[in-house]
Amino acid sequence: MTQPIEDYALIGDLMTSALVGRDGSIDWLCLPRFDSAACFAKLLGDEENGHWRIAPLDAADGERCTRRTYVDGSLVLESYWETETGTVKVTDFMPQRGVATDVAPDVVRIVEGISGTVRMLSTLRLRFDYGHVVPWVRRSDGERVAVAGPDSAWFRSDPPVRTWGEANSTRSQFPVTAGRRVAFVLTWHPSHQPRPEPCDPFEALDQSLADWRDWASQCRYEGPHQEAVTRSLITLKALTYAPTGGIAAAATTSLPEELGGVRNWDYRYCWLRDATLTLGSLLNTGFLDEARAWREWLLRAVAGDPADLQIMYGIAGERRIPESELPWLRGYASSAPVRVGNAAVDQLQLDVYGEVIDSLHLARSAGLPAEQHAWRIQLALLDFLERNWRRPDEGLWEVRGPRRHFVHSKVMAWVAADRAVRTMEADPSVPGELERWRTMRDEVHRDVCERGYDPERGTFTQYYGSRELDAATLLIPRVGFLPPDDPRVVGTVDAVRAELGRSGLVRRYSTADSTVDGLPGDEGAFLACSFWLADALHMTGRKDEAVALFERLLSVRNDVGLLAEEYDAVAGRQLGNFPQAFSHVGLVNTALTLAGLDGPAAR
């Protein structure tokens, strides 16, 4: 039985993460990195593709826990099961590994009796290589060790409980009474290396809580909906690859934008276009170390020939992200194909040049120490963009149809020139050809207003010559292309809301014309775009409507405060990869905007 996407919660160690269902099953886990092959892939297949469930012995398949919550200020998950014979709590977490890539990852699950006596069952099915490979499991010093090719995992309990092998799984059965705790630890390491030093699960719990609370205490946001903002910031931190500072777009691959559809992509990589909005949310909430690390990742990733700039990179800055399909996985809710890698890496998306330059401008404006080579990189990017902004591209939505002159791409070319002009005007000692970039800025602005605006309907369009709309044009006032009270901005906000609105939320664009994105089928409302609409409503003076939309979006979060990429308002289901950084960045930035606290990110 397929659990709804919103039934999952996230745990992680700042190098990888796992999804824990409300039925007590970990159905997705990639080791040792976010983009590694999964050893639990039930999320995209079935039980035989790997999972690890801990639940009362009498719990039926798919039966959910009574309630669950994160421990305040942390990524430590507590799930409670209330049964006829007693109550039990299962605590799930992954101890943080710091920045050392040679430290073995652990998944820790602690079962604690609260009242009465509850008989529990743990069922572990390890399947390496995205649920494809059944490992050889043997006993060693009272533990189980599973090996298959390059992968190895150790499994133990503390104290030891009755454990046996059955049907290519490892099962443990045990009772818990009030106050009794039984911990399980799953540790991965390369099979050619010695067994890593085992962790003490109870000490690891105390340390994990301390680590997360210490980090969350840095948050300086004190406005409305503080809990939602803090949870979103913790989620962004959880999606960060600590050794490099890169932030994965999501923890998963191939969760569908339409149930049963083909719009299934791998989001376990770092997108450049996330940079400005992410930097803004981190800077404005007090997380300067994370903002600095993200900027440094960005500078390393984009270094080189500007013509070779990619829209996304691996979490350590890798350039090669080849896309392939995994035919042995049926897909979430039979949504096939399941893809790993992402072919959009080879697309031309001219907006990313503006987003990179805007990010570095934001970092400088917010007071992050300037890197001498950063300005030289920006000038090289500008030089390339000056020669190429007139070209059609695939646009920020990574369409797999023909290239077009997307309005958002042109607007971001304007942003690139504008931020260069602002930097040189603010600091005359910065080298550069100020008049050259002023000329480019004026030319792009004139071109967009003449060719990307439909005066008949009073709205900017998706691409030159089109009557279709694009929610990305909601960002026009945010980036400063036009002031919020400009009639063209107000008209665009109204048109997008009317034509792309769905049950009060917003789609990216219309999928009725499949020649635009080259794909069949539909998708849900895009949550980041819905936050952009709330921002635009606020900027155009409709503050009550902005607040109402924001609160509507907060209601879409699942029971532990997480958001996927999209939402099907009719079915009441989250869609797309989960949890989605772009959605949580949108939540944080809109909260800041509504509270008047958007600081250096304000345009």
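At 51% relative accessibility, Ser334 counts as exposed (exposed means over 50% relative accessible area, buried under 20%, partly exposed in between, with a 1.4 Å probe and protein chains only). This is a predicted model, where local features need pLDDT of at least 70, side-chain atom pairs count only at pLDDT 80 or more, and totals for chains, interfaces and linings use all residues. Residues are numbered from 1 along each chain as its sequence is written, and side-chain values use heavy atoms, leaving out hydrogens and water. Helices and strands below are DSSP runs numbered from the N terminus (helices are H or I with at least four residues, strands are E with at least two).

**Backbone angles and cis bonds**

- Ser334 has a phi near 60°, a positive value in a residue other than glycine.
- Ser334 lies in the loop between β20 and β21.
- Ala333 lies in the loop between β20 (324-325) and β21 (339-340).
- Ala333 has a positive phi too, about 50°, although it is not a glycine.
- Ala333 is partly exposed, at 29% relative accessible area.
- Leu31 and Pro32 are joined by a cis peptide bond, with omega about 10°.
- Pro32 sits in the loop between β3 (25-30) and β4 (38-40).
- The bond from Phe578 to Pro579 is also cis, and its omega is near -20°.
- Pro579 is placed in the loop between β28 (573-575) and α15.

- Helix α4 (residues 275-283) has nine of its nine residues buried, so the rest of the structure largely encloses it.
- Among the buried residues of α4 are Gly280, Ser281 and Leu277.
- Two packed helices are described by the angle between their axes and the distance between the axes.
- The axes of α4 and helix α5 (residues 288-302) come within 8 Å and cross at roughly 160° (axes are lines fitted to C-alpha atoms, for helices over the stretch in contact, and angles run from 0 to 180 degrees between N-to-C directions).
- α4 and α5 are therefore roughly antiparallel to each other (angles over 145 degrees count as roughly antiparallel, under 35 as roughly parallel, 65 to 115 as roughly perpendicular and the rest as oblique).
- The crossing of α4 and α5 is left-handed (the near helix is turned anticlockwise from the far one by less than a right angle; clockwise would be right-handed).
- On the α4 side, the contact is made by Ala275, Thr278, Leu279, Leu282 and Leu283 (contact means heavy atoms within 4.5 Å).
- On the α5 side, the contact residues are Leu288, Glu290, Ala291, Trp294 and Leu298.
- By class, this contact of α4 with α5 has eight nonpolar residues, one polar and one charged (Ala, Val, Leu, Ile, Met, Phe, Trp, Tyr, Cys and Pro count as nonpolar, Asp, Glu, Lys and Arg as charged, and the others, Gly among them, as polar).

**Helices α14 and α15**

- Helix α14 (residues 543-554) and helix α15 (residues 581-594) have axes that come within 11 Å and cross at roughly 150°.
- That makes α14 roughly antiparallel to α15.
- Their crossing is left-handed.
- α14 brings Ala546, Val547, Phe550 and Leu554 to the contact, and α15 brings Leu587, Thr590, Ala591 and Leu594.
- Seven residues of the contact of α14 with α15 are nonpolar, one is polar and none is charged.

**Salt bridges**

- Side chains of opposite charge can pair when their charged atoms come close.
- The whole structure holds 49 salt bridges (a side-chain nitrogen of Lys or Arg within 4 Å of a carboxyl oxygen of Asp or Glu).
- Arg109 and Asp92 meet in a salt bridge of 2.7 Å, N to O.
- Arg109 lies in strand β9 (residues 106-125) and Asp92 in strand β8 (residues 86-93), so the pair ties together parts 17 residues apart in sequence.
- Arg109 is buried at 0% relative accessible area, and Asp92 is buried at 1%.
- Asp418 pairs with Arg422, with their closest N and O atoms 2.9 Å apart.
- Asp418 and Arg422 both lie in helix α8 (residues 407-426), four residues apart, about one turn of the helix.
- Asp418 is buried at 4%, whereas Arg422 is partly exposed at 31%.
- Arg497 forms a salt bridge with Glu545, the closest N and O atoms being 2.6 Å apart.
- This pair links distant parts of the chain, 48 residues apart: Arg497 is in helix α11 (residues 487-500) and Glu545 in helix α14.
- Arg497 is partly exposed at 34%, and Glu545 is partly exposed at 33%.
- Salt bridges that share partners join Asp358, Asp418, Arg419, Arg422 and Arg441 into one network.
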